[in-house]
Amino acid sequence: MSRVEILTSALLRSDGRRPYELRAMEMDLSVASASSSADGFASVSQGLTAVSASVFGPREAKSRRDTIHDRAVVNVQIVMAPFAGATSRRRRGRNDKQLLDQANLLSSTFTPIIQTHLFPRCSIDVIVHVLQSDGSLLSTCINAITLALISAGIPMTDFICATTIGVHGQQTLLDLTTIEENELPSLVVATTPQNGKIVLLNLESRVSCDVMRECLKLGRETGEVLWDEMRGVVKVWGKKLVRADTAVKSTDQMDED
């Protein structure tokens, strides 16, 4: 029996949400450190989970061992802040096995979506900084990387939108917190919303076939919702770039006159 009440008789979760309700989300493509040399940057927060993603490249690969003659290599690194853990005080360095596994998973997820054939013998390096972790970390990282790649101008065939789904009896829950992840079987579903394909399914527990079908359907529907939100953020960011470029051109024209 669960040590905590995941779902009340009124179908409310521990943080007051309904089963299919997402936490408050904030996405930003415009706030990066002035000293950063990143080509693209995005920050995403879902509830108390907050990450930022920086993209470097495409650029010449640092070593011959990392070079592929007909396409670019996508490298992903996850850096966990010492204060990021919601329940654990254990420091997780760059060589932490779980972080390395998640980084490899992210790399293999994005490589087919990025048009790597346009950048032979190059590398695209992504560094994800986890500022706070309170559940649904992998899906939040995926959404942040998608926006950061767009910010860097990296050509992709589609967005990748991800969510974490938990199973409580026959009831599915969206966007899990750490408490819910520790108590429930859960899976991460990432989709390319334009064609509805599932590009990542990360499941570490057993669920029935009927529940799995429900989770996949819910993952696709949530991906479309996230896609709308992300497109809105990208459009706002694009308009800011156009206005900034227009202002620079106007200033240059006045200087010439």
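G153, which follows helix α2, has a positive phi, near 75°. The model is predicted, and the values given here are computed from it.

Helix α2 itself covers residues 137-151 and contains 15 residues. From its first C-alpha to its last it reaches 21 Å, close to the 21 Å expected at 1.5 Å a residue. Of the 15 residues of α2, 15 are buried, so the helix is largely enclosed by the rest of the structure.

Strand β4 is also mostly covered, with six of its eight residues buried. This strand, residues 73-80, pairs with strand β5, residues 122-132. The two run parallel and are joined by eight bridges. One of the pairings involves V73, whose bridge partner in β5 is S123.

The elements named in this report have the following ranges.

| Element | Residues |
|---|---|
| Strand β4 | 73-80 |
| Strand β5 | 122-132 |
| Helix α2 | 137-151 |
| Helix α4 | 209-256 |

Helix α4 holds L216. Is L216 buried or exposed? With a relative accessible area of 18%, L216 falls under the 20% cut-off and is therefore buried. Leaving aside residues up to four places away in sequence, L216 touches I198 and L201. L216 can also be placed relative to I165: the two are 51 residues apart in sequence, and their C-alpha atoms lie 9.2 Å apart in space.

Methods
Residues numbered from 1 in each chain as written. Predicted model: local features only at pLDDT ≥ 70, side-chain atom pairs only at ≥ 80, totals over all residues. Heavy atoms only, no water. Buried < 20%, exposed > 50% of the residue type's maximum accessible area, 1.4 Å probe, protein only. Helix = DSSP H or I, 4+ residues; strand = E, 2+ residues; numbered from the N terminus. Pairing = 2+ DSSP bridges. Expected span 1.5 Å × (residues − 1). Contact = heavy atoms within 4.5 Å.
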